[in-house]
Amino acid sequence: MVAESPKRARPGRPTAVDQTALLEAATRLADDRGLESVTFRALADVLGVSAMAVHRASGGIDALRHRLIAVVVDEAIDDIVWPAGEWRATVETFARGLRDLLLRHPLVLEAHSRAALDTPAADDVAHRVVAALREAGLDAESAAYGYAAVHDFVTGHVAIRLGRGELELIDIAPERRAASVFDSFHDVDRRFVIGLDLLLDGLAASAERRARA
């Protein structure tokens with residue numbers, strides 16, 4: 001618990017914290033510096049309030065971190081325009097939406113590496129994608145693991161991209177680059193698009209084999 005003595009309190013600071021401002025500040029901190037940077041003191045400095053005011057408004061740091069993740073994820077899901085009637089388009093929409101969310105908010109990738117995203121909207125998306133794969137002809141187990149394969153491809157792609165940064169090529173020695181299988185293929189967007197296409201082709205082939213059997 002945070003206890004702020006009269007000596008530590010800063011005169012003139014507001015005693016109430018706007019919830020929207022609190023979540024926005026927490027999101028910026030987490031995206032820029034990681035979830036562990038979201039502390040009472042850091043938020044107090046950003047918002048110009050006391051640490052105790054942040055504590056009262058947040059309900060605790062763990063609760064605040066959980067809430068900001070849920071808000072960011074649910075807002076992104078609300079913005080998705082799902083296609084109708086074609087399983088592959090549904091899975092592609094999911095993959096691209098997840099990639100864009102993780103690139104825009106690295107805090108979600110950090111949280112997701114520790115635990116599943118615990119929001120009803122995220123669960124609904126997973127079930128939607130699995131249902132699309134079932135419509136393609138996969139059985140229940142293959143559809144669930146097919147969803148997992150697409151999900152893991154996207155999160156792995158983004159983790160590497162964020163970890164190496166957009167200027168990765170500048171730091172590669174010419175002789176090392178020449179030795180790489182990616183010597184002529186360093187376009188990260190193409191890497192995503194072609195990799196996703198190959199993965200979806202594999203899922204389609206699996207569904208066709210099952211239909212023939």
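Aspartate 187 caps the N-terminal end of H10, with a side-chain oxygen 2.9 Å from the backbone nitrogen of aspartate 189. The model is predicted. Helix H10 runs through residues 188–212. At 1.5 Å a residue, its 25 residues should span 36 Å. The end C-alpha atoms are 36 Å apart, so the two values agree.

Part of H10 is buried. The residues concerned are Phe192, Gly195, Leu196, Leu200, Leu203, Ala204 and Ala207. An α-helix has 3.6 residues a turn, so residues three or four places apart point the same way. The cover over the buried residues of H10 includes H5, H7 and H8.

The second largest pocket has a volume of about 390 Å³. Helices H4 (61–78), H5 (87–104), H7 (120–136) and H8 (140–164) each give two or more residues to its lining. H5 gives the most, with seven residues. The lining holds 20 residues. Nearest the centre of the pocket lie Phe94, Leu98, Leu117, Ala122 and Tyr147. By type, the lining divides into 13 nonpolar, three polar and four charged residues.

Histidine 112 lies in helix H6, which covers residues 106–112. The relative accessibility of histidine 112 is 19%. Buried means under 20%, so histidine 112 counts as buried. Leaving aside residues up to four places away in sequence, histidine 112 touches Leu117, His151 and Thr155. With histidine 151 there is also a polar contact: the side chains of histidine 112 and histidine 151 are joined at 2.7 Å. Leu117, touched by histidine 112, is also one of the residues nearest the centre of the second largest pocket.

Conventions
Residues numbered from 1 in each chain as written. Predicted model: local features only at pLDDT ≥ 70, side-chain atom pairs only at ≥ 80, totals over all residues. Heavy atoms only, no water. Helix = DSSP H or I, 4+ residues; strand = E, 2+ residues; numbered from the N terminus. Buried < 20%, exposed > 50% of the residue type's maximum accessible area, 1.4 Å probe, protein only. Polar contact = N/O pair within 3.5 Å; in protein donor to acceptor, adjacent residues only side chain to side chain. Contact = heavy atoms within 4.5 Å. 1 Å grid on protein atoms, 1.4 Å probe; cavity = no way out; pocket = protein on both sides within 12 Å on 5 of 7 lines; lining within 4 Å. Points joined across faces, edges and corners; volume = space filled by probe spheres on them. Nonpolar A, V, L, I, M, F, W, Y, C, P; charged D, E, K, R; others polar. Expected span 1.5 Å × (residues − 1).
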